[in-house]
Number of protein chains: 4
Amino acid sequence: MRILVSNDDGYFAPGIAALAQALSEIGEVTVVAPERDRSGASNSLTLDRPLSLRRAANGFHFVNGTPTDCVHLAVTGMLDHLPDMVVSGVNHGANMGDDTLYSGTVAAATEGYLLGVPSIAVSLVSKGASDFSTAARVARDLAVRFMNQPLRQPMLLNVNVPDLPYEALRGTRVTRLGKRHKAEPVIKSVTPRNETVYWVGAAGAAADAGEGTDFHAVSEGLVSITPLQIDLTHTGQIGMVNDWLVR
Amino acid sequence: MRILVSNDDGYFAPGIAALAQALSEIGEVTVVAPERDRSGASNSLTLDRPLSLRRAANGFHFVNGTPTDCVHLAVTGMLDHLPDMVVSGVNHGANMGDDTLYSGTVAAATEGYLLGVPSIAVSLVSKGASDFSTAARVARDLAVRFMNQPLRQPMLLNVNVPDLPYEALRGTRVTRLGKRHKAEPVIKSVTPRNETVYWVGAAGAAADAGEGTDFHAVSEGLVSITPLQIDLTHTGQIGMVNDWLVR
Amino acid sequence: MRILVSNDDGYFAPGIAALAQALSEIGEVTVVAPERDRSGASNSLTLDRPLSLRRAANGFHFVNGTPTDCVHLAVTGMLDHLPDMVVSGVNHGANMGDDTLYSGTVAAATEGYLLGVPSIAVSLVSKGASDFSTAARVARDLAVRFMNQPLRQPMLLNVNVPDLPYEALRGTRVTRLGKRHKAEPVIKSVTPRNETVYWVGAAGAAADAGEGTDFHAVSEGLVSITPLQIDLTHTGQIGMVNDWLVR
Amino acid sequence: MRILVSNDDGYFAPGIAALAQALSEIGEVTVVAPERDRSGASNSLTLDRPLSLRRAANGFHFVNGTPTDCVHLAVTGMLDHLPDMVVSGVNHGANMGDDTLYSGTVAAATEGYLLGVPSIAVSLVSKGASDFSTAARVARDLAVRFMNQPLRQPMLLNVNVPDLPYEALRGTRVTRLGKRHKAEPVIKSVTPRNETVYWVGAAGAAADAGEGTDFHAVSEGLVSITPLQIDLTHTGQIGMVNDWLVR
């Protein structure tokens, strides 16, 4: 099995090293990841300049672009064969609820999905210094399962793994995305040159973290797996907006 | 009515000037937009550095960040009151089908929506040098309608306007997002310094442009209005993935 | 007379508007400046991506690059004729002593000089909100003088103007660059995401600000004019290093 | 001896690996280099955002900033002791004549010099895929010489090494900087999105490459060593500009 690995924390991040290591036990792994930390990159594409592709001493490739750029370039311009899977991560920090919208980790997997490749994004629910081996092993388990029993539909899975030893995981749950409260306001600060600047604030606390959500699963010690799609149409509002326009 | 205006083409773009002009006839307009062209920015947020907010000679504000940063900063750190609407655009070029995922124009409106503000993204379906007055007038019409008859639900509308004189528009259609074929491959090129580089290729041609889609409406000379939401959960796959995991 | 105007504060800065205004009274002015604030850019050139050239509503051109890029592109790729002068500024803040090494304002003028065009960098010695009219008028005076009595040698002048009304200036002095003490250390800070970051510290205080230096002239209320060259060879050390190598 | 190593090609470049390796045989080496290729960065400093300092798997540190930022941050904010030397390189490509003005490699050494540390910039005169071991060994030789016989003056040496086996080097020459002809014009190009862009052109050919210059030494198979200083005052023009102003 050929597996393309990417992330948004940069090719040098420990999370991607753990992931590549775990997946190389079961397939042929190619790593193509951003040359610098692109957390928060969402699905951004670089359109105003061309991309460079380089190879690090450890064999990982890196691109001066976004996670989406990396997968796009690898699949359409670098690899000889379409990969059998794209696996993105292991992200340092959760990607749950509305966060998925901003996440570069999820975006890398989404680009794989849009290019016709079954794709998985894997994130570790942890804020501190972290051990990525559990999450990497979960990713490998899913890849093995996929290899043995491929899904017949296009697949884009968003996986969040509790920060526990592998043996302490309480299982797996298929979930829907929860919701967060509004983000915290920007934080005003003054630079040493006396200029006012603003840091983007923290994500909001979970608002819908009830039964069935990713937030809930993880809080129970379960691996959360959310199948995603990319059609943002609010089908339920089409009639209402129609009425509104003719009133 | 207080209206926050943003875009992804940059605060200096003619599309945002036309939009601000049209909306200032019906409300109090504040413009906060990126200092440079951020097309393709998607929902990316700037997390590794703080943002600066400046004011141009014409009163527009600009931020050294993404479209999402602009709306986030304006709403949570700059404006005294929550705006009544966020209007993003007028983008130079369509944002239909899967493009919405990559679009900074749609992302600016999405950020407004996530912060609790009814929001509209407006794009002009045109590739060449363009007249933004029709699209700006369409945006104003929608804002007036909203002012007179507010929707009772959270609102995020993606509006695409054909490149026609206002009088030549054949009406308005509420649509779902179409789908595109896979994007074109990256385009390999060599720099004057003899380095191989890759340009991200063009978006794919429309694949699902049938009746009911945004592609179809615009091709008929109609303004396309797609209500959007932001939950990417693939609800229809939850059962299947469950089965898959227990097999 | 054809004058190319650039700066490092960005095309939207009030200092360049004042300069372009003053110079347009005596010649044909073209403005090509960075699209964003590039203070501290030194002579940096953009080599890893191509540059875009755009035109703002007020007729100024802007480039997604450094001050050096702007002058380089304008002279070698945009203007039909070699300009008679390059004038860079008016910078917001002094560029004296060792600062000239880091200054993008001086770099824009240096690029003109390297391309064979007599060039002037103009800076306003002020930290606060500023009136650029005095410095702009000084620049115009110098350009008029140059127009009437061209220098027979290549010319690169670094001009620093005290923050005084034009009538209060006490004259002009030709100076050498002073020296600064070492820069202040970086300032450690913690981001809202709990990451340690470092701000580059302030420039050092003047160390050699004696008679004959730019620091001294300005402190006396005089316009400081320092002729510059670009050969960094330490001629006085050639013998000593030779001895050292054969010991 | 404590040696701080930096470059402008990025911390992952083979040239800095060879340099760190060679110097670690004679002293305690700390590497702090840019996280991405910053060729052409000149003395640029990052003033509008703070810097992050990270540690790669091989022990090298990297900074999301310029070569000047790296040395500035390392010396004023990271190292416990002032280093005994700063060595920058090995750059992939020559830094001779006017190039020194644009070079990030030279700039990193210059920052060391300004902070009171004897500093050396080392470049390999080669365009193709390269063997950096000769240049790294030359750098080590100079460091050993400096360790045994420190210079009594502040020292900033710009070293260019021919692309030859170490044994084939014909010796060392102390040189002055040569001069180049004007740079080649920008190269106009069209992006896949039909936008006109401009690549900065190549450096000009050597114009003053006569006896005594760096160009000349290298062409003879000699290592070129140019002592540099940073005062750009054109002392020889002070009288003439004085006359000009009073005419």
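Visitor: How many residue pairs are in polar contact between chain A and chain B?

Guide: This is a predicted model, and between chain A and chain B it has 27 residue pairs in polar contact, both residues being at pLDDT 80 or more. On the chain A side, the elements that each supply at least two residues touching chain B are α2 (67-78), α3 (104-114), α4 (133-148), β8 (172-174), β11 (196-199), β13 (223-227) and α6 (238-246). The largest share comes from α6(A), with seven residues.

Visitor: What kinds of residues make up the side of chain A that touches chain B?

Guide: That side divides into 37 nonpolar, 26 polar and 13 charged residues.

Visitor: How is the size of such an interface expressed?

Guide: It is often given as the accessible area lost when the parts come together. Here, chain A and chain B bury about 7100 Å² between them, with 64% of that area on carbon and sulfur atoms. Three residues, Y198(A), L232(A) and W244(A), supply 11% of the area that chain A buries against chain B, more than any other three residues. In terms of contacts, 76 residues of chain A meet 77 residues of chain B.

Visitor: How many salt bridges does the rule find across the interface of chain A and chain B?

Guide: The rule finds two salt bridges there. K179(B) forms a salt bridge with D231(A), and their closest N and O atoms are 3.7 Å apart.

Visitor: Let us turn to the other pair. How many residues does the contact take from chain C and from chain D?

Guide: The contact takes 76 residues from chain C and 76 residues from chain D. The area buried between chain C and chain D is about 7200 Å², 64% of it on carbon and sulfur atoms. Within chain C, the residues that lose the most area to chain D are Y198(C), L232(C) and W244(C), together 11% of what that side buries.

Visitor: Which polar features link chain C and chain D?

Guide: There are three salt bridges between chain C and chain D. In a salt bridge between K179(D) and D231(C), the N to O distance is 3.7 Å. Several elements of chain C each supply at least two residues to the side that touches chain D, including α2 (67-78), α4 (133-148) and α6 (238-246). Of these elements, α6(C) gives the most, with seven residues. The side of chain C that touches chain D has 37 nonpolar, 26 polar and 13 charged residues.

Visitor: Where do nonpolar side chains tend to be in soluble globular proteins?

Guide: They tend to be buried together. In this model the largest nonpolar core has 80 residues, and those touching the most other members are W244(A), Y11(B), V122(B), V159(B), Y11(C), V122(C) and V159(C). Leaving aside neighbours within four places in sequence, V159(B) is in contact with residues including I120(B), V122(B), V138(B), L142(B), V223(B) and I225(B). A second, separate core of 76 residues includes W244(C), V5(D), L124(D) and L157(D).

Visitor: A single residue may also be examined. Is S52(C) buried or exposed?

Guide: S52(C) counts as buried because its relative accessibility is 13%, and the cut-off for buried is under 20%. S52(C) lies in the loop between β2 (28-34) and β3 (53-55) of chain C. Not counting residues up to four places away in sequence, S52(C) touches F62(C), V63(C), N64(C) and V197(D).

Methods: Residues numbered from 1 in each chain as written. Chains lettered and ligands numbered in written order. Predicted model: local features only at pLDDT ≥ 70, side-chain atom pairs only at ≥ 80, totals over all residues. Heavy atoms only, no water. Contact = heavy atoms within 4.5 Å. Buried area = accessible area lost by both parts, 1.4 Å probe. Salt bridge = Lys/Arg side-chain N within 4 Å of Asp/Glu carboxyl O. Polar contact = N/O pair within 3.5 Å; in protein donor to acceptor, adjacent residues only side chain to side chain. Helix = DSSP H or I, 4+ residues; strand = E, 2+ residues; numbered from the N terminus. Nonpolar A, V, L, I, M, F, W, Y, C, P; charged D, E, K, R; others polar. Core = buried A, V, L, I, M, F, W, Y, C linked by side-chain atoms within 4.5 Å. Buried < 20%, exposed > 50% of the residue type's maximum accessible area, 1.4 Å probe, protein only.
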